[in-house]
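Morning, everyone. I'll walk through one structure today, so please have the sequence and the 3D view open.

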Amino acid sequence: MKILRDITTTFEFDNLSKIFLSLGYLALFTIAYIIYKTPNATGYELTIYNAFPSYFFLLFILIYFMGFSIIFKGIWNRTEKIGSFVPAIILILLANGVFLSLSNLHGYWLEGRGEGDVLAHIGYMKDIIINGNIGTNNYYPMLHLIGVIIFYFANISLENISTIIYVFFSLSFPLFIYFLSSSMLNNMWERLLITSFSLTLIFSLFHLRVHPSIWSIIIVPLLLGAIQYKIWKQKRSMEFSIIILILAFLIIYMHPMTAVFLIIMLSCYAIVTNFVPKADLYTKPINTIIIIFTVFLSWYLSFIGIQRFTRNIYNSLFIESETSIASFYMDVYSTAQLSFYTTIKYLFWQYGHLIILIGISTLFIIITLRKLLLHKNNSLNNVTYMFLQISGFLTAVVFTVTYFVEFNIVRVFRFSVMISVITCGLFFIDTINIDRKRVVIAFITIMFLSSFFVFNVYSGPVKSSVNSQMTLMEHDGLKWILTHKNNMIYFVSGTNIYKNSIYFFGGQGAKKNRVKYIRATLPNHYGVDEYSSLGVAVENKIGFNESFYTIYNKHMEINYQVLPEEVWDIATRYNKEVIENDASVNIIYSNGEFENWLVQEH
């Protein structure tokens, strides 16, 4: 009874907070009702934003406004009772969970198609289920093991498990950040200010991806918090040592680049002792670094694929120049020839959040570095996370100008973005301590980020990105052709057909029954403007003169519409009607939205 009484007395709100909470939860129930009343997707959609009423997504912004208003009201008043914040945090987390589950709730078969890594990850989960082992080419099996555990306990499809995984990790991130902030800050309002940044969907579209490179990063704050509790606060040394080892192994077997970055981050803890008075009293995490480095080398260098990847990176850095993400995007922009206004608009909707986070983090670095150079007092927190943020920036720069097989800016900056949650929070803590009125600036920043991500996470015309929806018809059509194909005939398609093979048959199954394919985009309008048939067009444009399989999907006809109208004329477009009289094309499977073609050599 005493515990119950303590809990009830902790949740104390003034009338304004009660009104905000009531409106927030009412908006959440309204969202649930709209989802229930909206018919499920029956086929491929250009964007999920068109599936719901225009005001639907504004309700999420309303929820964020109500929730963050309560949190920042407590920050303004320097409230120290966690119960004053919990209902607002739960409201925001529930809104995030519903928002990230929209594709599943709207009836999508799978969020991730074509290039979606989720296809391969589901395939490797099938390997474990079918064969009872992780296989020989499963570089980072931890996420797949988590998926299989959920499969056996919940007995639901792997497609639904993929949604559970990315929603779970996304909602766990703020909790891990709060744990980290509690290891370095004593005041509740300071912890909540940092946690507020993590309540926004800072990893953008990757919150909808089963991507070990992102989810392993989300675990890092939990490990850093354990390290700081052990070496900074000198608490429960044995217990936190065990937690650190468990989390380190978990991260190592989840993604190699995160393990490398973790070693860099832990080295920063050792470096910082030279810059902060009395910091030498704190234990350096040398043993943890050695353990992570040893396990990392022993595991990843045993794979031939990782060795090849390492050689490619070395060649890019010191010998020859591979295609970097910087040169890739420069080529894209030069080819598109967008107007200045359209370019700025596109960059804003793609990377506006990075500009905000990186901008504030850079200010934090400049201010902290200036204090160091002037020999002014600097907190251990600020100096440590200044070095961590700098290491994150340097990593992103290296990834951007060299060949790391990561052709997405958000993914390249994932380390820096994760650290920026802390540095942005520390920056505003320092500014609010100078002038409390600056809480308003922090609130506006958080609201901008929250509102921005409502229209940034999912694909659509606003950010000129293609919907990654896989429909049931696409699933059935791909499974049919991969099951009934002639193993001597090649696929010619822009779709990664081998990744789809892994999805259906597992990594080991796809390797035994390997698909022969040529990864190439079919000629614009199937080449009918220049050639007599699709077969002739492929021979002249791609240089392949044998019979081949290819696929048709509804998205091929409408996806150009996500691009700015000014480039529609030069965009690759397809119209199935133009090949109806093409004798070289035989439709061997059709289900209304998806078709498999066998194109005869001419």
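Let's start with how the elements get their names. Helices (H or I, at least four residues) and strands (E, at least two) are DSSP runs, numbered from the N terminus. With that in hand, Arg 78 is placed in the loop between α3 and α4.

Two ground rules. This is a predicted model, where local features need pLDDT of at least 70, side-chain atom pairs count only at pLDDT 80 or more, and totals for chains, interfaces and linings use all residues. Residues are numbered from 1 along each chain as its sequence is written, and side-chain values use heavy atoms, with hydrogens and water left out.

Now back to Arg 78. Most residues other than glycine have a negative phi. Next, exposure. Buried means under 20% relative accessible area, exposed means over 50%, and partly exposed is in between, using a 1.4 Å probe and protein chains only. Arg 78 has 31% relative accessibility, so it counts as partly exposed.

There is another positive phi to look at. Tyr 526, also not a glycine, has phi near 60 degrees. Find it in the loop between β4 (517-519) and α23 (534-541). Buried or exposed? Tyr 526 is buried, because its relative accessible area is 0%.

On to the helices. Helix α3 covers residues 56-76. The expected span of a helix is 1.5 Å times one less than its number of residues. α3 has 21 residues, so it should span 30 Å; its end C-alpha atoms are 31 Å apart, which agrees. Of those 21 residues, 16 are buried, so α3 is largely enclosed by the rest of the structure.

Next, helix α4, residues 86-100, which holds Ile 89. Ile 89 counts as buried because its relative accessibility is 14%.

Leu 208 is buried, because its relative accessible area is 1%. Leu 208 and Ser 103 are 105 residues apart in sequence, yet 9.2 Å apart in space, C-alpha to C-alpha.

On a 1 Å grid over the protein atoms alone, a cavity is a set of points where a 1.4 Å probe fits but cannot get out, and lining residues have an atom within 4 Å of a point. Volume is the space filled by probe spheres set on the points, with grid points joined across faces, edges and corners. The structure holds two cavities of 30 Å³ or more. α5 (102-105), β1 (110-111) and α8 (158-182) each supply at least two.

Last stop, the strands. Two strands pair if DSSP finds at least two bridges between them. Strand β7, residues 594-599, runs antiparallel to β6, residues 585-590, and five bridges join them. Among the bridge partners, Tyr 589 goes with Asn 596, and Ile 587 with Trp 597. The two strands form a hairpin with three residues between them, and Gly 592 in the turn has a positive phi of about 105 degrees.

β7 also pairs with β5 (residues 548-553), antiparallel, over six bridges. There, Tyr 552 stands opposite Glu 595.

In a regular strand the side chains alternate between the two faces of the sheet. In β7, Phe 594, Asn 596 and Leu 598 lie on one side, Glu 595, Trp 597 and Val 599 on the other, and all are buried. Six of the six residues of β7 are buried, so it is largely enclosed by the rest of the structure.

Technical notes: On a 1 Å grid over the protein atoms alone, a cavity is a set of points where a 1.4 Å probe fits but cannot get out, and a pocket is an open set with protein on both sides within 12 Å along at least five of seven lines; lining residues have an atom within 4 Å of a point.
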